[in-house]
Amino acid sequence: QVQLVESGGGSVQPGGSLRLSCAAVGIIRSVNDMGWYRQAPQKQRELVARISRGGQTNYLGSVQGRFTISRDNARSTVYLQMSSLKPEDTAVYYCNAQITTIVSGTQDYWGQGTQVTVSS
């Protein structure tokens, strides 16, 4: 079985920083695209940032220049460094990854979600 294990959420004041981590664990053949989504109360889930295995990235416009996504392929881990946080960044953040296993082929996997709260 494959799981995405997230860590690093929490509460921070506006202007602060947080770093999220997400590790893919299990019997994995390869990890392809990885990304972070978020969902605020009464809003749809939205893509925050995504990174290919080769390192190509794309970001939600409102986080461009404040958030940085990166990955460690050897550890099957993706990170989201969030800086200059704003109250509107408050949401549950979900890790997502396209993972190939011998048993199940290529599937989308989701982490359990981690709460990020930006408030004074």
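Trainee: What share of the contacts in the protein with a separation of 6 or more comes from residues 24 or more positions apart?

Mentor: A contact means heavy atoms within 4.5 Å. Residues 24 or more positions apart supply 54% of the contacts in the protein with a separation of 6 or more. Please keep the basis in mind: this is a predicted model, in which local features need pLDDT of at least 70 and side-chain atom pairs count only at pLDDT 80 or more, while totals for chains, interfaces and linings use all residues. Residues are numbered from 1 along each chain as its sequence is written, and side-chain values use heavy atoms, with hydrogens and water left out.

Trainee: How many helices and strands does the protein have?

Mentor: Both are DSSP runs numbered from the N terminus: helices are H or I with at least four residues, and strands are E with at least two. The protein has zero helices and 11 strands.

Trainee: Which strands form the open sheet, and in what order?

Mentor: Two strands pair if DSSP finds at least two bridges between them. Here an open sheet of four strands has the order β1-β3-β8-β7, with antiparallel pairing. Because β1 (3–7) and β7 (67–72) stand at the edges with a single partner strand each, one side of each lacks a neighbour in the sheet. From one strand to the next, the twist averages 15°; axes are lines fitted to C-alpha atoms, for helices over the stretch in contact, and angles run from 0 to 180 degrees between N-to-C directions.

Trainee: Which residues are bridge partners of L4 and of L20?

Mentor: β1 and β3 pair over five bridges in the antiparallel sense, and L4 has A24 in β3 as its bridge partner. Strand β3 (residues 18–25) is in turn joined to strand β8 (residues 77–82) by six bridges, again antiparallel, with L20 partnered by L80 in β8.

Trainee: Which residues form the covered face of β1, and which the uncovered one?

Mentor: In a regular strand the side chains alternate between the two faces of the sheet. In β1, L4 and E6 form the covered face, whereas Q3, V5 and S7 form the uncovered one.

Trainee: Where does a positive phi occur in the turn of the hairpin of β4 and β5, and where in that of β5 and β6?

Mentor: β4 (residues 30–39) and β5 (residues 46–51) run antiparallel and share five bridges, one of which sets Y37 against L47. Six residues lie between these two strands, and Q42 in the turn has a positive phi of about 65°. β5 is also joined by three bridges to β6 (residues 57–59), in antiparallel fashion, and R50 stands opposite N58 in β6. That hairpin has five residues between its strands, with G55 in the turn at a positive phi of about 100°.

Trainee: Which residues have the most contacts inside the largest nonpolar core?

Mentor: In soluble globular proteins, nonpolar side chains tend to be buried together. A nonpolar core is a set of buried Ala, Val, Leu, Ile, Met, Phe, Trp, Tyr and Cys residues joined through side-chain atoms within 4.5 Å; buried means under 20% relative accessible area, exposed over 50%, and partly exposed in between (1.4 Å probe, protein chains only). The largest such core has 29 residues, and W36, L80, M82 and Y93 have the most contacts inside it. Its largest share, five residues, comes from β9. M82 touches, among others, L18, L20, F67, Y93 and V116. Buried residues make up 42% of the 120 residues in the protein.

Key
Lists of a residue's contacts leave out its neighbours within four places in sequence.
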